[in-house]
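Me: Can you talk me through this one? I'd like to start with the strands and then move on to the pocket.

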Amino acid sequence: MTRLILASQSPARTKLLSHAGIQHEVLVSDVDEDAVQARYGVTDPHDTALLLARAKAEAVASLPEADGAIVIGCDSVFEFDGEAHGKPYTADVARERMLRMSGSMGVLHTGHWLVDCRDTDGGDADGGGELTARGSGATLGSVSSAEVHFMEMSAEEIETYIATGEPLQCAGSFTIDGYGGAFIRKVDGDPHTVVGLSISTLRALLGQANVGITELWTGGAIDPADVRAE
């Protein structure tokens, strides 16, 4: 069984993978995002998302726990009026952003970076007599972007939303899979991108590492009966 490690502490990302029936482990990096951006001087939102995803994936891939696994790192950056918006962290920043976003549109960029830490020779990697798949040596990435169109939001709605604490830890000060979904009119692009991990992009990256995504299916995807309309 191919091991997949998610290099992210995001509950939304691991929930998304679990609902898609994709077996994975979580191993969080200690990457200093501000330091990485300062070092490389990247300001373009699209490139920033890929840079930070790569930094997270490579940091986790360097750990001994990642030996024999495939690591996927992700990072999301919201582009609005030509500016890159990460997590607001404070109510004041979230409020200022949401007042501007009300009734408007921005682009959510989610960077993905994959590192194949499997032995490129394959064979008996753990000494236990079990043969493992040959690794590809791949280290590659891709960005999935989606336009997010917001409804008009009243000042009262914004204050109530901020009070939940949800937008403070989210790129762009919103989510689509929580309270914030009430303010999103439509998404042009892969909606999983807005959650923070595009399953179709992950499939494409795995394919380049000679791994079919169905190899990671556990049979534990969300029960269709739980989401089927009455």
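What follows is a short exchange about a strand, its partners and a pocket in a predicted model.

Me: Strand E3, residues 69-80: how many of its residues are buried?
Reply: In this predicted model, 11 of the 12 residues of E3 are buried, so the strand is largely enclosed by the rest of the structure.

Me: And which way does it run against E5?
Reply: E3 and E5, the latter spanning residues 105-116, run antiparallel and are joined by 10 bridges, and within that pairing Ile 72 has Leu 114 as its bridge partner.

Me: What about E1, parallel or antiparallel?
Reply: Strand E1, residues 3-6, runs parallel to E3 with 4 bridges between them, and Arg 3 stands opposite Ala 69 there.

Me: How many bridges link E3 to E4?
Reply: There are 3 bridges, in the antiparallel sense, between E3 and E4, which covers residues 83-85; Glu 79 stands opposite Ala 84 in that pair. The hairpin they form has 2 residues between the strands, and Asp 81 takes a positive phi near 55 degrees in it.

Me: Switching topic, what volume does the largest pocket have?
Reply: Its volume is about 1,100 Å³. The lining has 39 residues, and the closest to the pocket centre are Arg 13, Lys 87, Gln 169, Cys 170 and Ala 171.

Me: Which element gives the largest share of that lining?
Reply: Helix H1 does, with 4 residues, while E3 and E4 are among the elements that give two or more.

Me: And how does the lining divide by residue type?
Reply: The lining of the largest pocket comprises 16 nonpolar, 13 polar and 10 charged residues.

Key. Residues numbered from 1 in each chain as written. Predicted model: local features only at pLDDT ≥ 70, side-chain atom pairs only at ≥ 80, totals over all residues. Heavy atoms only, no water. Buried < 20%, exposed > 50% of the residue type's maximum accessible area, 1.4 Å probe, protein only. Pairing = 2+ DSSP bridges. 1 Å grid on protein atoms, 1.4 Å probe; cavity = no way out; pocket = protein on both sides within 12 Å on 5 of 7 lines; lining within 4 Å. Points joined across faces, edges and corners; volume = space filled by probe spheres on them. Nonpolar A, V, L, I, M, F, W, Y, C, P; charged D, E, K, R; others polar.
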